[in-house]
Amino acid sequence: MLLEKKKILIMGIRNKWSIAWGIATRAAENGADLFFTYQGEENREKLESLLSEIPYKKAYACDASKDEDIEKVLKEIKEEYGNLDGIVHCIAHANTEDLRQDFILTSKEGFSHANDVSAYTLVATARIAKELDVLNENASIVTLTYHGSTKVLPNYNVMGVAKAALECSVRYLADNLGPQNIRVNAISAGPIKTLSAKGIKDFSTIQDVVEEKAPLRRNVTIEEIGDSVVFMLSPMSRAITGQVLYADSGYNIMGI
């Protein structure tokens with residue numbers, strides 16, 4: 001098992017359709033000791049019911065847009081369980097109206113919100129983890145991005161800008177944390193029908209195009225993304241950092 005006895009924090013799990021859940025199931029199958037953060041105490045009961053399907057250590061309510069929440073969670077994990085071997089950042093959000101109208105109409109508040117939640121939370125998590133010395137040597141940080149960071153995709157709008165900022169942050173964080181033998185990478189997942197994706201107008205059309213044009217002629221699953229993240233968390237990828245790994249059935253290589 002690739003992650004046997006590795007302590008992994010997965011941030012931002014929502015439901016059984018989320019990519020974070022696909023990552024959680026694959027990480028559990030590979031022997032990881034899992035910790036989770038989720039948004040809002042009102043979601044605790046529903047989430048604990050879901051997590052009962054896999055072995056895990058603890059789940060914490062955490063508003064990742066608040067540095068003090070991130071710090072509290074990481075301190076508690078360190079005090080109760082010791083240092084982490086990996087962090088998976090599955091946090092992103094944009095206001096619905098900013099995904100449904102032309103990008104040029106994005107408000108200043110909407111622009112700031114999307115970048116703060118979707119990109120800066122990774123920076124804050126990495127910084128606080130370093131300050132608290134909560135990551136073991138050879139630890140791995142993995143985040144989730146999407147092809148809309150480099151190409152214009154209908155209705156992705158400000159989230160594309162936020163994912164571009166996220167990917168750039170991955171490179172700078174990889175450079176900053178490399179001397180401590182901590183790696184930082186991103187997985188660029190193909191389009192998956194998650195709860196977040198429902199906010200993107202005509203999202204199913206994007207999936208249809210991928211199925212038609214991608215070399216593998218199909219869309220990806222949350223379990224396949226989970227396998228990619230497990231690889232990035234494991235010693236098998238120990239020479240890889242600062243990279244964006246596409247797991248999208250090859251769609252990103254196509255010119256038409």
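Q: Is Ser-228 buried or exposed?
A: In this predicted model, Ser-228 has a relative accessible area of 16%. That value is under the 20% cut-off for a buried residue, so Ser-228 counts as buried.

Q: Which helix is Ser-228 in?
A: Ser-228 lies in helix α8.

Q: And what is Ser-228 in contact with, leaving aside its neighbours within four places in sequence?
A: With those neighbours set aside, Ser-228 is in contact with Ile-187 and Ala-247.

Q: Where is Arg-127 placed?
A: Arg-127 is in helix α5, which covers residues 108–131.

Q: Buried, exposed or partly exposed?
A: Arg-127 is partly exposed, and its relative accessible area is 32%.

Q: Which residues is Arg-127 in contact with, beyond four places in sequence?
A: Arg-127 is in contact with Asp-67 and Tyr-120, once neighbours within four places in sequence are left aside.

Q: How far apart are Arg-127 and Glu-167?
A: Arg-127 and Glu-167 are 40 residues apart in sequence. In space, the C-alpha to C-alpha distance is 16 Å.

Q: Turning to the core, which residues of the largest one touch the most other members?
A: The largest nonpolar core has 35 residues, and those touching the most other members are Ile-10, Leu-34, Phe-36, Ile-225 and Val-229.

Q: Which elements each supply at least two residues of this core?
A: The strands are β1 (7–11), β2 (33–38), β5 (135–145) and β6 (183–189). The helices are α1 (19–29), α2 (44–51) and α8 (222–233).

Q: Where does the largest share come from?
A: Helix α1 gives the largest share of this core, with seven residues.

Q: What is Ile-10 in contact with, away from its sequence neighbours?
A: Leaving aside neighbours within four places in sequence, the contacts of Ile-10 include Ala-20, Ile-23 and Ala-24. Leu-34, Phe-35, Phe-36 and Thr-37 are also in contact with Ile-10, as are Val-88 and Cys-90.

Q: What does the second core include?
A: The second core is separate and has 33 residues, among them Cys-62, Ile-87, Val-134 and Ala-139.

Q: Back to α1: why is it described as largely enclosed?
A: Nine of the 11 residues of α1 are buried, so the rest of the structure largely encloses this helix.

Q: Which residues of α1 are the buried ones?
A: The buried residues are Ile-19, Ala-20, Trp-21, Gly-22, Ile-23, Ala-24, Thr-25, Ala-27 and Ala-28.

Q: Which residues have a positive phi although not a glycine?
A: Asp-133 is one of them, with a positive phi of about 55 degrees, and it lies in the loop between α5 and β5. Arg-217 also has a positive phi of about 55 degrees, and its place is in the loop between α7 (203–213) and α8.

Q: How many helices and strands does the chain have?
A: The chain has eight helices and seven strands.

Q: Why is the chain called as compact as a globular protein of that length?
A: Its radius of gyration is 17 Å, which is close to the 18 Å from the globule rule for 256 residues, so the chain is as compact as a globular protein of that length.

Q: What share of the residues is buried?
A: Buried residues make up 52% of the 256 in the chain.

Q: And the accessible surface? How much belongs to carbon and sulfur atoms?
A: The accessible surface of the chain comes to about 12300 Å², and carbon and sulfur atoms hold 51% of it.

Definitions and conventions
Residues numbered from 1 in each chain as written. Predicted model: local features only at pLDDT ≥ 70, side-chain atom pairs only at ≥ 80, totals over all residues. Heavy atoms only, no water. Core = buried A, V, L, I, M, F, W, Y, C linked by side-chain atoms within 4.5 Å. Buried < 20%, exposed > 50% of the residue type's maximum accessible area, 1.4 Å probe, protein only. Helix = DSSP H or I, 4+ residues; strand = E, 2+ residues; numbered from the N terminus. Contact = heavy atoms within 4.5 Å. Rg over C-alpha atoms; globule rule 2.2 N^0.38 Å. Areas by Shrake-Rupley, 256 points an atom, 1.4 Å probe, with all protein chains shown as cover.
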